[in-house]
Amino acid sequence: MGSLVKSCLAWPEAARAVARWLSERERIDALLEGLPRELEGVERARCQHLVFGVVRHAGRIEAALDHLIAHPPRFETRAVLLLAGFELIEDRDPGVQAKIVHHAVEQAKTLASPAEARLVNAVARKLAAVLGGQEPPPKLAGADALGSFYSHPVWLVRRWLAGLGAGPTRALLEWNQTPTPVFVRWRAPLAAGVSPAPWAKATPWESFFEVESGHWAQVEAEIDAGHAYVQDPATRLAVDLLAPKDGDSVLDACAAPGGKMLHIADRIREGRLVAVDVSGLEPGDVRFRRLKENLATSRVPVQIVGADVLNPRLREELERQKAPTEYDAVLLDVPCSNTGVMRHRIDVKWRLQEADFGRHSRQQYKMLVAAAQWVRPGGRIVYSTCSVDPEENDQVVTRFVKARPEFRLEGQVIATPWADGHDGAAAFLLRRS
């Protein structure tokens, strides 16, 4: 029956969460953290599935609703219609769709009002016909048609068409509209071809496994025991390029939430590891707390410093905390547009603005210049992003190398989701002479 949920908790909580997202545009991760504690296990997973589905397909459903409703209803009622719209997209069987409509009407009576339930009944029936008859746009469709069907801002689709081409753009749009699997990195060494647990499905990437559904309790136990860490395979690219080795001094200049530094620590037996993140400047910041929690499981000690890599007085802070001021290896994983990770950061596309690319690239260049000062002569720095946009990748590195000729580009890797089968990412290895 698709995602039609008969639960007394999951569906209405999903509707309330969607209504808050519509009214406040709260970040999805923060919104889901605020779900009631009594919503646990399968019910919580169902609720999250519904919310993710709505946000992922919001553009397509909203476009259909705008043709069916003269005046936008209250957020609570629109949330019910959006949830019904997602379920109608997910299951096109006419018998199931009739049940989806009936379920939405019954929910609207409580979540909204009897009068609004009548509106939901009339609109949802028409919505089923509209969404049920939609097919993907033709091969040479333009940005408007692609953006509407695949629920992406038209300006972003237009940008990708110009920069990536028609085929990769459609492949990226299709990729972003599919639910993302959960991957874990197994932290202990494994023999080739050996799976650490029955629920761990092998992948082409060493030490990374896909989690089969229905096994989250077992996964959490392995995480708590320090055996596994939830991490997309794309994150390995920057660490592989940095190639940490025993005895290295390593600085992660933008470390939260700590996954890459933990991966570095798992690769070596000894070294001087320092993790710096600006989130430590805000008391009680969730990202800094997670950084500490994640790195607390490291077998190699990691010194954690709350500081901004752009702060000209960072050297004084490092000296005050008795941390090195020169490193064999520096990792700089910069804030970016997240265009490579939109499949699981599903609300990014609705928050991203066209001017953000230029803003990001300017900040990224400044951060690269600032982080490079910590590289000792002969040392190396890896600049990385989770963007597929050249303005944040090649162009930043090219500008830096021209301005700082003592650094040379030694290697790079760029992963695209439609070609590599995991998140998009870019990493560039620069060596100081």
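Helix H13, residues 286-295, lies across strands E6 and E7 in this predicted model. The helix runs at about 175° to E7. Both strands belong to an open sheet of seven strands, and the largest nonpolar core of the model has 48 residues.

**The sheet**
- The strands follow the order E7-E6-E5-E8-E9-E11-E10, and their pairing is mixed.
- Strand E7 (302-306) and strand E10 (407-415) each have a single partner strand, so one side of each is left without a neighbour in the sheet.
- Neighbouring strands of this sheet are turned by 15° against each other on average, direction ignored.
- In general, strands of a sheet pair through backbone hydrogen bonds, either parallel or antiparallel.

**Pairing of E5 and E6**
- Strand E5 (residues 249-252) pairs with strand E6 (residues 272-277) in the parallel sense, over four bridges.
- Within this pairing, valine 250 has leucine 273 of E6 as its bridge partner.

- In soluble globular proteins, nonpolar side chains tend to be buried together.
- Within the largest core, the residues with the most contacts are Trp11, Val51, Leu65 and Val120.
- At least two residues of this core come from each of helix H1 (10-24), helix H2 (28-33), helix H3 (41-68), helix H4 (75-90), helix H5 (94-111) and helix H6 (114-132).
- Leaving aside residues up to four places away in sequence, valine 51 touches Ala14, Ala17, Val18, Ile28 and Leu32.
- Another core, of 32 residues, lies apart from the largest one and includes Leu318, Tyr327, Val334 and Ala371.

Technical notes
Residues are numbered from 1 along each chain as its sequence is written. This is a predicted model: local features need pLDDT of at least 70, side-chain atom pairs count only at pLDDT 80 or more; totals for chains, interfaces and linings use all residues. Side-chain values use heavy atoms; hydrogens and water are left out. A nonpolar core is a set of buried Ala, Val, Leu, Ile, Met, Phe, Trp, Tyr and Cys residues joined through side-chain atoms within 4.5 Å. Buried means under 20% relative accessible area, exposed over 50%, partly exposed in between (1.4 Å probe, protein chains only). Contact means heavy atoms within 4.5 Å. Two strands pair if DSSP finds at least two bridges between them. Axes are lines fitted to C-alpha atoms, for helices over the stretch in contact, and angles run from 0 to 180 degrees between N-to-C directions.
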